[in-house]
Amino acid sequence: MHNLKGEIGDFNRVANQLEDQTKEYIKTADQCDLDIRDLGKKINALESEFDVTCNSLLANESKVGELDKELGKHEEEISALNRRQQLLEGENKQTDEKLAATVLNLAQTSKSADSILK
């Protein structure tokens, strides 16, 4: 009987140790669950931020495409205006040469008229 009480006491001590160990494992598991929940929240926040960033990127890429098209149009306009300026400068030069020739001819004619009148 004494031996049976000793074995029961040993089993009770082992059972208590196992219960304490189980409580530790449950505490660790609860902490892991909290950590998993916190990481899940962080992941959701990062995914949301990623989605916002991707949408912003797509919108900005669209804007850049539109601005590139607009830039191309403006470059074409500048090129056309430069060609027009060159043409006008050529015409201006020709007109200046004609004017100079006409003024010179007028001066010569005036000089001839003055010499005829004298």
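The side chains of Asp10 and Arg13 meet in a salt bridge, with N and O 2.7 Å apart; the term stands for a side-chain nitrogen of Lys or Arg within 4 Å of a carboxyl oxygen of Asp or Glu. This is a predicted model, in which local features need pLDDT of at least 70 and side-chain atom pairs count only at pLDDT 80 or more, whereas totals for chains, interfaces and linings use all residues. Residues are numbered from 1 along each chain as its sequence is written, and side-chain values use heavy atoms, with hydrogens and water left out.

Asp10 and Arg13 are three residues apart in helix α1, and therefore about one helical turn separates them. Asp10 is partly exposed, at a relative accessible area of 36%, where buried means under 20%, exposed means over 50% and partly exposed lies in between (1.4 Å probe, protein chains only). Side chains of opposite charge can pair when their charged atoms come close. A search of the whole structure finds two salt bridges, and Arg37 forms one with Asp38, the closest N and O atoms being 3.3 Å apart. Arg37 is partly exposed at 44%, and Asp38 likewise counts as partly exposed, at 33% relative accessibility.

Along its principal axes, the C-alpha trace spans about 170 × 20 × 15 Å. Of the 118 residues, 0% count as buried.

Helix α1 covers residues 2–117, and Ser56 lies within it. Ser56 is partly exposed, with a relative accessible area of 36%; from Leu46, which is 10 residues away in sequence, Ser56 is 15 Å away in space, C-alpha to C-alpha.

The structure holds zero disulfides, a disulfide being a pair of cysteine sulfur atoms within 2.5 Å.

Technical notes:
Helices (H or I, at least four residues) and strands (E, at least two) are DSSP runs, numbered from the N terminus.
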